[in-house]
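Dear colleague,

Please find below the structure that I am handing over to you. My findings follow directly after it.

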Amino acid sequence: MCSDNLQDNPKDLMRLAKDGHTDAFNQLYEMYFVPIFRYIYFRVKNREETEDLVQDVFLKVYNSISRFQEKGKSPLNFFFTVARNTVIDYWRKKKEIKLD
């Protein structure tokens, strides 16, 4: 489904993933896993929590990919936005648990 010349082009991979090509999304996962993991780990400082949150990020992106609009930006921006919001939600929930 994805040709070899698309492996390094995240914008093309995102368009294909948006059209339902799971191979393209898998390539995005492989491409963005490490940067998203590092971003979240730096903010959470717990490996197990980070792993769970990274999976949440990719699941959220996968479920909302139809709403992605390129607007001249890298798809990584979209992933980082979802990661930022996921971390914010994580800390919000942690705060609520401590208050109870």
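Lys 71 counts as exposed, at 67% relative accessibility; exposed here stands for over 50% relative accessible area, buried for under 20%, and partly exposed for what lies in between (1.4 Å probe, protein chains only). Lys 71 sits in the loop between helix 3 and helix 4 (75-99). Its phi is near 50 degrees, a positive value in a residue other than glycine. Lys 45 belongs to the loop between helix 2 (22-44) and helix 3, and it is exposed, with a relative accessible area of 54%.

Please note that this is a predicted model, in which local features need pLDDT of at least 70 and side-chain atom pairs count only at pLDDT 80 or more, while totals for chains, interfaces and linings use all residues. Residues are numbered from 1 along each chain as its sequence is written, and side-chain values use heavy atoms, with hydrogens and water left out.

As to confidence, the protein averages a pLDDT of 90, and 90% of the residues score at least 70; pLDDT is the predictor's confidence in each residue, from 0 to 100. Confidence is highest in helix 3, at 98, and lowest in helix 4, at a mean of 91.

The overall architecture is as follows. The protein has 4 helices and 0 strands, in the pattern α-α-α-α along the sequence. Helices (H or I, at least four residues) and strands (E, at least two) are DSSP runs, numbered from the N terminus. The C-alpha trace spans about 50 × 25 × 20 Å along its principal axes. Of the 100 residues in the protein, 34% are buried.

The buried residues of helix 3 are Thr 50, Leu 53, Val 54, Val 57, Phe 58, Val 61 and Ser 64. They cover an arc of only 145 degrees around the axis, which puts them on the same side of helix 3; the arc is that of the directions from the helix axis to the C-beta atoms. Glu 48, Leu 59 and Asn 63 are exposed residues on the face turned away from this buried side.

At the start of the helix, a side-chain oxygen of Asn 46 comes to within 3.1 Å of the backbone nitrogen of Glu 48. The side chain of Ser 64, a residue of helix 3 (residues 47-64), reaches the backbone oxygen of Lys 60 at 2.8 Å. Ser 64 is buried, with a relative accessible area of 10%.

Finally, Thr 50, also found in helix 3, is buried with a relative accessible area of 0%. Leaving aside neighbours within four places in sequence, Thr 50 is in contact (heavy atoms within 4.5 Å) with Phe 37, Ile 40, Tyr 41 and Val 44.

With kind regards

Technical notes
A polar contact is a pair of N or O atoms within 3.5 Å; within protein, one must be able to donate a hydrogen and the other to accept it, and residues adjacent in sequence count only if both atoms are side-chain atoms.
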